[in-house]
Every structure is written in C-alpha cells, then in structure tokens.
Amino acid sequence: MVITNNAGYPEALVKAVENDSYSKGEGVDRSVTGLLAPPRQAALKEIHGHEIVEDVSDRTYALYGQLVHLLLERAGEQSRNAINEERLYAEVGGWTISGQTDTLTLTEDQRSWIISDYKFVTAYKFKRSYSGELVIPEDYEQQLNLYAYLLRENGFKVDGLKIVAIYRDWSKLEAKRDKNYPQLGAETHDIPLWSEDKARSFMEERVRLHPAAENDLPECDASERWAKPDRFALMPTAKSVRARKLFDSRSAATLWAAANSMKPGWVIDHRKGANVRCENYCVVSEWCEQFKILNAS
C-alpha cells in the first residue's frame with residue numbers, strides 16, 4: 001500500500017500513519033477482523049494490495065486502535081489476573097486465523113476469563129432506541145465471539161464479553177437533553193456470549209467463504225455494501241428544509257399526501273440511495289466490477 005498526503009496533514013500524523021506497527025501475525029491467512037470483512041473485498045485486497053493508494057486523511061481512523069495500546073500501557077503493568085493485548089491463533093479449515101484481544105481478565109473464581117475490547121467510537125454507535133433498548137452493533141458481537149472461539153481453542157474458558165466504548169464526540173449538553181444518548185463519555189457494555197457450537201459454526205462459515213472468494217469472486221450483498229435504498233421525501237413546499245415524512249416509493253408518498261389533506265404546494269424529493277461502503281470506505285472499489293455496474297445504474 002502507498003500512503004499519500006494530498007490533504008496536507010501535519011507531518012506528525014503522516015508519520016504516525018506510516019509507522020503503524022499492526023501485524024496479523026506471521027503465516028496467518030486472516031485475522032478475525034479480516035475474516036469479518038466481505039469476502040469479495042478481502043480477495044481483491046490480496047490481488048491488488050501492492051497497487052492500493054490511500055491518503056493519510058483516510059487512514060487516521062486506524063490511529064484509534066493504537067491509542068488503545070497507549071491506554072493499556074499507561075494503565076500500568078499487567079496484573080496476575082489480567083493479560084493485555086494477547087494474540088491467539090487457531091487452525092480452521094486449513095487456514096491459520098489470529099486475533100488480538102485488548103484485555104483478558106480472570107473471573108473472581110479464577111476459572112475463566114472475561115474478554116474486554118476497547119472502541120473509540122461516535123456516541124451514535126451506542127445511542128439507545130426510542131424505547132430505551134441498546135442495540136449492539138452486529139460486527140462487534142461477531143468479533144468478540146470469534147475471539148472467544150480462539151480462546152477456547154487455546155484452552156481458555158470464556159465467561160463473558162464486554163465492549164468498553166470511549167465516545168470521541170461525546171457531549172455533556174446532549175446527554176442532558178436526550179436520555180437515550182450515552183450519559184457518560186465512556187461506558188462498558190455486555191455483549192451476548194454465543195454457545196461454543198454457534199461460534200464454531202460461524203467461524204467455519206467465514207473461513208469457507210474467504211478461500212472460495214479467491215477463486216470465484218462473490219458479489220457483496222446489500223448489508224456488506226452498507227446499501228441505503230432510494231427514499232422519497234414528502235416536503236410541505238419546495239423550499240422546505242425538513243421532510244414531513246419519508247417513503248419507499250413515490251406512489252406511497254402521493255397517497256399519504258392525499259389521505260392527509262396536505263396543503264397545495266407540496267413536493268416529493270427523490271433521494272437517491274447509495275452503497276456507502278463502496279463509495280466511501282472500500283480501498284479496492286476501483287478494481288471492483290460489481291461497484292462499477294452499480295455506479296453506472
């Protein structure tokens with residue numbers, strides 16, 4: 001990968017990005033996070049890795065992972081009841097898979113371990129629904145349960161999973177205004193622990209998909225593309241800033257406007273959908289025929 005600085009970032013940030021010491025481990029086919037990536041994307045990275053060009057402005061997010069290392073280092077030396085930044089390995093379906101946990105902590109009875117993973121995220125990631133329900137991001141749940149799989153394969157017993165969310169954009173004013181907004185700048189969230197069978201099946205399925213993709217590129221589905229469908233916004237007037245209501249089709253918007261006696265002058269604004277990951281967060285989109293076809297439609 002070639003790193004550029006077209007955005008003109010300060011030299012300190014450029015060096016920090018260029019000197020990223022992350023490694024999935026020698027002889028490893030995929031890391032846990034790599035295994036969770038879309039198989040098509042991962043395969044294209046293997047093919048075009050030496051051609052990929054990224055600007056520093058698109059790589060600064062990677063620095064957050066390094067901040068976890070500094071955080072744990074500053075917290076002090078490892079105690080006999082905790083292990084920091086442990087990388088584990090397992091052979092699955094002929095592939096070597098690795099994963100590095102942030103912190104492993106012994107339970108009080110010292111018979112099993114709690115996996116804690118630190119995330120520097122926006123507060124939106126863990127904002128509760130209107131009903132007050134907290135929805136854990138699916139990829140976080142998958143990631144920690146694959147770590148649990150690796151631990152079990154290495155003789156550890158796993159008792160629980162936790163995300164320590166540190167909100168990089170947290171606002172005290174917003175917390176006072178909205179009870180569903182994170183009430184603290186950092187929170188710990190329990191993650192559902194899968195059964196051993198479920199974790200094993202999921203791991204084996206991901207390992208099956210990735211090697212197959214290197215021989216026959218599968219298409220990324222809507223969830224992998226972070227696809228947003230077309231929406232039709234019913235606007236009270238052509239100059240309105242906010243939509244009265246959003247619809248999946250123009251006809252549905254028209255019917256609602258008629259049924260609710262909208263005043264004359266209302267308009268329907270067609271908001272075209274997008275494949276958010278493909279357009280903004282995929283470093284191999286320029287070599288992806290699927291993206292080119294989607295972009296042309």
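Which helices each supply at least two residues of the lining of the largest cavity? They are α3 (39-48), α9 (276-281) and α10, where helices (H or I, at least four residues) and strands (E, at least two) are DSSP runs numbered from the N terminus.

Before going on, a word on the source: this is a predicted model, in which local features need pLDDT of at least 70, side-chain atom pairs count only at pLDDT 80 or more, and totals for chains, interfaces and linings use all residues. Residues are numbered from 1 along each chain as its sequence is written, and side-chain values use heavy atoms, with hydrogens and water left out.

**Two spaces**

On a 1 Å grid over the protein atoms alone, a cavity is a set of points where a 1.4 Å probe fits but cannot get out, whereas a pocket is an open set with protein on both sides within 12 Å along at least five of seven lines; lining residues have an atom within 4 Å of a point. Grid points are joined across faces, edges and corners, and a volume is the space filled by probe spheres set on the points.

By this rule there is one cavity of 30 Å³ or more. Of the 14 residues lining the largest cavity, Gln 41, Cys 220, Cys 278, Cys 282 and Cys 288 are the closest to its centre. Helix α3 gives the most to this lining, with three residues.

| Space | Volume | Lining by class |
|---|---|---|
| Largest cavity | about 110 Å³ | seven nonpolar, three polar and four charged residues |
| Second largest pocket | about 200 Å³ | four nonpolar, four polar and five charged residues |

In these classes, Ala, Val, Leu, Ile, Met, Phe, Trp, Tyr, Cys and Pro count as nonpolar, Asp, Glu, Lys and Arg as charged, and the others, Gly among them, as polar.

The second largest pocket, with its volume of about 200 Å³, has 13 lining residues, and the closest to its centre are Lys 272, Gly 273, Ala 274, Asn 275 and Leu 294. At least two lining residues come from each of β9 (227-228), β13 (274-275) and α10 (289-296).

**A closer look at Asn 275**

Asn 275 sits in strand β13. Its relative accessibility is 11%, so Asn 275 counts as buried (under 20% relative accessible area, with a 1.4 Å probe and protein chains only). Its side chain joins that of Arg 225 in a polar contact of 2.7 Å, meaning a pair of N or O atoms within 3.5 Å, one able to donate a hydrogen and the other to accept it.

Key:
Buried < 20%, exposed > 50% of the residue type's maximum accessible area, 1.4 Å probe, protein only.
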